[in-house]
Amino acid sequence: MAIKITDECINCGACEPECPNNAIYDAGAAWRFSDGTGLKGVIDFGDGNTLNAEETQAALSDDIYYIVPDKCTECVGFHDEPQCAAVCPVDCCVDDEDIRESEEELLAKKEWLHMNE
């Protein structure tokens with residue numbers, strides 16, 4: 001699964017620098033797969049879809065910090081627990097019940113995100 005930020009977020013920004021995948025962005029900020037990862041050029045998602053890793057993507061929230069699910073590995077392979085949740089002063093970094101991934105899937109995602117580093 002991924003972590004999500006709930007609307008209780010106070011926009012303190014404590015979580016953003018803790019993410020090893022640079023999956024957390026400020027409200028309204030555009031994002032890229034290349035931010036904080038080893039992804040460069042055209043990336044293949046393995047399902048027939050491709051995308052330029054440097055291509056700017058629209059913000060997922062204009063109101064609060066947000067986590068890009070395709071970049072979130074719940075810190076698996078980096079830390080024992082999600083660092084965003086560990087530092088959040090209002091406990092609004094929680095499991096995203098709509099996105100379920102096994103530890104093996106999260107490790108594979110980590111390897112994919114950082115394959116060129």
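Let us start with Trp31, which is buried (under 20% relative accessible area, where over 50% is exposed and in between is partly exposed, using a 1.4 Å probe and protein chains only), at a relative accessible area of 7%. This is a predicted model, in which local features need pLDDT of at least 70, side-chain atom pairs count only at pLDDT 80 or more, and totals for chains, interfaces and linings use all residues. Residues are numbered from 1 along each chain as its sequence is written, and side-chain values use heavy atoms, leaving out hydrogens and water.

The predictor's confidence in each residue is its pLDDT, on a scale from 0 to 100. For this chain the mean pLDDT is 95, with 99% of residues at 70 or more.

Back to the rings. Rings of Phe, Tyr and Trp (its six-membered ring) pair if their centres lie within 6.5 Å; planes under 30 degrees apart are stacked, over 60 edge-to-face, and the rest tilted. The whole structure holds six aromatic pairs. In one of them, the ring centres of Trp31 and Phe33 are 4.9 Å apart and the planes meet at 70°, so this pair is edge-to-face. Phe33 is buried too, at 2% relative accessibility. Phe33 also pairs edge-to-face with Phe45, at 5.4 Å between centres and 65° between planes. Because Phe33 lies in the loop between β2 and β3 and Phe45 in the loop between β3 and β4 (50–52), the pair ties together parts that are 12 residues apart in sequence. Phe45 itself is partly exposed, at 31% relative accessibility. One aromatic cluster is formed by Tyr25, Trp31, Phe33, Phe45, Tyr66 and Trp112.

Now for the cores. A nonpolar core is a set of buried Ala, Val, Leu, Ile, Met, Phe, Trp, Tyr and Cys residues joined through side-chain atoms within 4.5 Å. The largest one has 16 residues, and Ile5, Cys15, Ile24, Ile67, Cys84 and Cys93 touch the most other members. A second, separate core of 11 residues includes Trp31, Phe33, Leu39 and Leu51.

What about the cysteines? A disulfide is a pair of cysteine sulfur atoms within 2.5 Å, and a search of the whole structure finds zero of them. The sulfur of Cys12 is too far for a bond, because the closest cysteine sulfur, in Cys88, is 6.1 Å away. Cys93 is in no disulfide either, with the sulfur of Cys84 nearest at 4.1 Å. Cys93 is buried, at 8% relative accessibility, whereas Cys12 is partly exposed at 46%.

Note on methods: Helices (H or I, at least four residues) and strands (E, at least two) are DSSP runs, numbered from the N terminus.
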